[in-house]
Amino acid sequence: MMKKLLMMAIALLMAFPVMAQDDDPMQVLVGKRFIDVQLQDVKGQSCKLSDYAGKGKWVLIDFWASWCKYCRAEMPDLKRAYKKIGTDNFEVVGISIDEETSDWKDAIKELGLPWKQLVDTKGWKSKAITAYKVPGIPVNVLIDPSGKIAACNVTADQLPDMVD
């Protein structure tokens, strides 16, 4: 009887995939090459993530939206880190899931965001959200200079040491 219960327990455990570190679905991306997506910039021009990533600089992809109060609350810390690190070896690319470009553009101005901004107005159905397995916002992905994903969900305080 005990052997049968043990076998059932093993079978049950094998039936469910083990979640990545800390149950964060984005962690499966670490160590892999960044995923290129094509989105629009603030001028309505088509841009690819490969225009920035894999070109010899560290790139932080910051997923956010104008309506996300937690995203907006993190922006001052990210701006300080961006200023501290500088742009010689580091770039931030904001990817918004706003459905209304006017709300997105207004938030960029209001928050004084100095880095590249891209949007896919499909909201949670955005190709970037799907490609990067984004479970919610705010989240980010740090890409190393060679184009490999170095980390996900890095805090602004951790950035300077990671990029140094």
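## The loop between α4 and β6

Lys-133 is found in the loop that runs between α4 and β6; like everything described here, this placement is read from a predicted model. The phi angle of Lys-133 is near 55°, which is a positive value in a residue other than glycine. With a relative accessible area of 40%, Lys-133 is partly exposed, because that value falls between the limits of 20% for buried and 50% for exposed.

The loop between α4 (127-131) and β6 (139-143) also holds Pro-138, and the peptide bond that leads from Ile-137 to Pro-138 is cis, with omega near 0°. Tyr-132 is placed in the loop between α4 and β6 as well, but Tyr-132 is buried, with a relative accessible area of 0%, whereas Lys-133 is partly exposed.

Asn-153 has a positive phi of about 60°, although Asn-153 is not a glycine. This residue is found in the loop between β7 (149-152) and α5 (159-163). Its relative accessible area is 31%, so Asn-153 counts as partly exposed.

## The sheet and its edges

Seven strands form an open sheet with mixed pairing, and their order across the sheet is β2-β1-β5-β4-β3-β6-β7. At the edges stand β2 (46-48) and β7, each with a single partner strand, so that one side of each is left without a neighbour in the sheet. From one strand to the next, the twist averages 35°.

Helix α3 (residues 101-111) lies across β1, β3, β4 and β5 (116-119), and it runs at about 160° to β5.

## Aromatic pairs

Which aromatic residues pair with one another in this model? A search of the whole structure finds three aromatic pairs, and one of them is formed by Phe-63 and Tyr-132, whose rings are tilted, at 5.9 Å centre to centre and with 50° between the planes. Phe-63 lies in strand β3 (residues 58-64) and Tyr-132 in the loop between α4 and β6, so this pair ties together parts that are 69 residues apart in sequence. At 0% relative accessibility, Phe-63 counts as buried, and Tyr-132 is also buried, with a relative accessible area of 0%.

Another aromatic pair joins Tyr-82 and Phe-90, which is again tilted, at 6.3 Å centre to centre and with 55° between the planes. Tyr-82 is buried, with a relative accessible area of 11%, while Phe-90 is buried with a relative accessible area of 0%. Ring pairs link Tyr-82, Phe-90 and Trp-115 into a cluster.

## The nonpolar core

The largest nonpolar core has 52 residues, and those with the most contacts inside this core are Phe-63, Trp-64, Phe-90, Tyr-132, Val-141, Leu-142 and Leu-159. Among the elements of the structure, β3 gives the most to this core, with six residues.

## Cysteines

How many disulfides does a search of the whole structure find? The search finds zero disulfides. Cys-47 counts as buried at 9% relative accessibility, and Cys-71 is buried as well, with a relative accessible area of 2%.

## Around Gly-54

Gly-54 lies in the loop between β2 and β3. With a relative accessible area of 30%, Gly-54 is partly exposed.

When residues up to four places away in sequence are not counted, Gly-54 touches Phe-34, Pro-145, Ser-146 and Gly-147. Of these contacts, the one with Pro-145 brings together residues that are 91 residues apart in sequence, while the distance from C-alpha to C-alpha is 5.5 Å.

Conventions
Residues are numbered from 1 along each chain as its sequence is written. This is a predicted model: local features need pLDDT of at least 70, side-chain atom pairs count only at pLDDT 80 or more; totals for chains, interfaces and linings use all residues. Side-chain values use heavy atoms; hydrogens and water are left out. Helices (H or I, at least four residues) and strands (E, at least two) are DSSP runs, numbered from the N terminus. Buried means under 20% relative accessible area, exposed over 50%, partly exposed in between (1.4 Å probe, protein chains only). Rings of Phe, Tyr and Trp (its six-membered ring) pair if their centres lie within 6.5 Å; planes under 30 degrees apart count as stacked, over 60 as edge-to-face and the rest as tilted. Two strands pair if DSSP finds at least two bridges between them. Axes are lines fitted to C-alpha atoms, for helices over the stretch in contact, and angles run from 0 to 180 degrees between N-to-C directions. Contact means heavy atoms within 4.5 Å. A disulfide is a pair of cysteine sulfur atoms within 2.5 Å. A nonpolar core is a set of buried Ala, Val, Leu, Ile, Met, Phe, Trp, Tyr and Cys residues joined through side-chain atoms within 4.5 Å.
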